[in-house]
Amino acid sequence: MAPKTRRRHASFLGVLGMARLQFRVTRRSLADYLLGAGLAALAGTVLYPLVRYLIPPEVKEVAAGSIVAAKVGELKPNSAKIFLLGGKPAILIHTPQGTYKAFSAVCTHLACIVQYRPDLGHIWSACHDGHFDLNGQVLSGPPPRPLPQYSVTVKAGDIVVTRPA
Amino acid sequence: MSLGAWLEDRLRWRAADQFLRHKTVPVVRHGYVYYFGGVTLFLFLIQVFTGLLLLMYYRPTADAAYESVQFIMARVQFGWLIRSVHSWAANLMVLWVFAHMFGAFFLRAYRRPRELTWVSGALLLFLTLAFGFTGYLLPWNTLAYFATIVGTEIMGDVPLVGKPLLVLLRGGEDVTEATLSRFFGIHVAILPALATLVLGLHLFLVQLHGMSRPQERGPSRALPFVPGFVLRESMVWLLVLAVLAALAVLLPWPVGQKADPLAPAPAGIKPEWYFVFMFQTLKILPARVLWLEGEQAGIVAFMLAALVLLVVPFLERGEQHARAARIARVLGVLAALFIAGMTVYGYLTP
């Protein structure tokens, strides 16, 4: 008699009864679940700050896009000078023709710093023999792109190099 | 061949498994001291871990050290947390090393065959203090700068070898950037290497001999290491981690003022709290003790005390164990009282 009653009782509960049957929680599984959840929370609270810590904070780039790279008369014709513009190396060239030109000094191939070759009269990257002309265009070698060119103005004896925004 | 069998063939890990199954920890009165060593180990691991993280941003030069610590505290995400945890855990570790030492001492765990376990432990205590002394200077702030001048000056008073020792430690006559470089190298390379070796020996010996059982009456009960003791110890570690996190969050370690070699020393220069008892003792010694200068006499006394600490297990020999044990206990209590008393005295006087 008793089993029959119980079965009928279960059927009254319907879906709810099924649910209770499926998600039966024992003391042990609850303890395991709590322990697992606790350990996961602990791992999270340790790992989250750790990962955030390892990401380097952004260093503010110098806002100024222009700088006094040299004084008039500092560079002889057919020579050049490397300087920093916004934290990155740039090159100022006094061409044999007497004009000033400025470029990014970071080679577009693998970021070596380029140099001016007075003997060749153009820009050269020593790492993988990349050659650039005095417009920044690639003459030969592996560089995939020309060097970005910066504008040069002479103001009251100062040679000002400006990087376009 | 299963992976387990393949590994067993090469690693013989089942021996370790068998070993752990049979390892037990005595259940005795004052049994909590059995957790102290584990807590010290946990704090050491935290120091290794956070120390490696600090190395990602710290720069050991007079120009950049202070700024790099400020950068860590202010700019690096969670940098304040990592650095504060490192500073707090350092202090807690010193505290626990002392607690562990006194615990082992009063349970007389150093008795045969564990003499070398004690000796390696005493060496680890000295290494811990050296970690504290060298690490303190690294932020290159005013307090640390002058504490290092005073601390190394005191070492210069060691008879015979004092002066060469001072020059060796400072990397010159004065505390300069050369000192910072040396302390940095000692703190992050030499001491960790030594500590790893000695700690390895210490832990190996603890496994080899098992936990010491104090001589006391009553039935000998024991707790299996796995899982009973491991789970309890884990709870203690979690508690320590929680306390550490709370301290680091609520009381972040200050950076102080940048050291200025031309500025006069500010008032109230004190070493780290765990050196205060020695500092205070040297301070109150008269100008001359016997044929030595007061400071020198004090340093000789502390060196002798360190030596006695190192050889504690070998002092207690012979037939009269009970009497030796009583004497050891009285001396231990006196030493603890002296350290505590001098520390309090040091903080009460300017």
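**Note on a predicted two-chain model**

1. Start with a helix pair. In chain B, helix α5 (residues 79-106) packs against helix α6 (residues 115-137) at an angle of about 160°, with the axes 10 Å apart. That makes α5(B) roughly antiparallel to α6(B). Angles over 145 degrees count as roughly antiparallel, under 35 as roughly parallel, 65 to 115 as roughly perpendicular and the rest as oblique. Axes are lines fitted to C-alpha atoms, for helices over the stretch in contact, and angles run from 0 to 180 degrees between N-to-C directions. Helices (H or I, at least four residues) and strands (E, at least two) are DSSP runs, numbered from the N terminus.

2. Some ground rules. This is a predicted model, where local features need pLDDT of at least 70 and side-chain atom pairs count only at pLDDT 80 or more, while totals for chains, interfaces and linings use all residues. Residues are numbered from 1 along each chain as its sequence is written, and chains are lettered from A and ligands numbered from 1 in the order in which they are written.

3. Back to α5(B) and α6(B). Their crossing is left-handed (the near helix is turned anticlockwise from the far one by less than a right angle; clockwise would be right-handed). On the α5(B) side, the residues include B:Val94, B:Val97 and B:Met101; they meet a set in α6(B) that includes B:Trp118, B:Leu124 and B:Leu125. Contact means that C-beta atoms, placed from the backbone, lie within 7 Å. The residues of this contact divide into nine nonpolar, four polar and no charged. Here Ala, Val, Leu, Ile, Met, Phe, Trp, Tyr, Cys and Pro count as nonpolar, Asp, Glu, Lys and Arg as charged, and the others, Gly among them, as polar.

4. Helix α6(B) has another partner. Its axis comes within 9 Å of that of helix α9 (residues 177-209) of chain B, and the two cross at roughly 160°. So α6(B) is roughly antiparallel to α9(B). This crossing is left-handed. The contact has 18 nonpolar, eight polar and no charged residues.

5. Now the whole of chain B. It holds 14 helices and four strands. Its radius of gyration is 22 Å, close to the 20 Å that the globule rule gives for 350 residues, so chain B is as compact as a globular protein of that length. The radius is taken over C-alpha atoms, and the rule is 2.2 Å times the number of residues to the power 0.38. Of the 350 residues, 29% count as buried (20 or more other C-beta atoms within 10 Å; exposed is 12 or fewer, partly exposed in between; C-beta atoms are placed from the backbone).

6. How many residues does each chain give to the contact between A and B? Chain A gives six and chain B gives nine. The chain A side has five nonpolar, no polar and one charged residues.

7. Check the backbone. Most residues other than glycine have a negative phi, and most peptide bonds are trans. A cis peptide bond joins B:Arg112 and B:Pro113, with omega about 5°. B:Pro113 is in the loop between α5 and α6 of chain B. The bond from B:Val226 to B:Pro227 is also cis, with omega near 0°. B:Pro227 sits in helix α10 (residues 225-250) of chain B.

8. A:Asn78 has a positive phi, near 65°. A:Asn78 is partly exposed, with 16 other C-beta atoms within 10 Å. B:Leu160 has a positive phi near 70°. B:Leu160 counts as exposed, with 7 C-beta neighbours inside 10 Å.

Methods
Contact = placed C-beta atoms within 7 Å.
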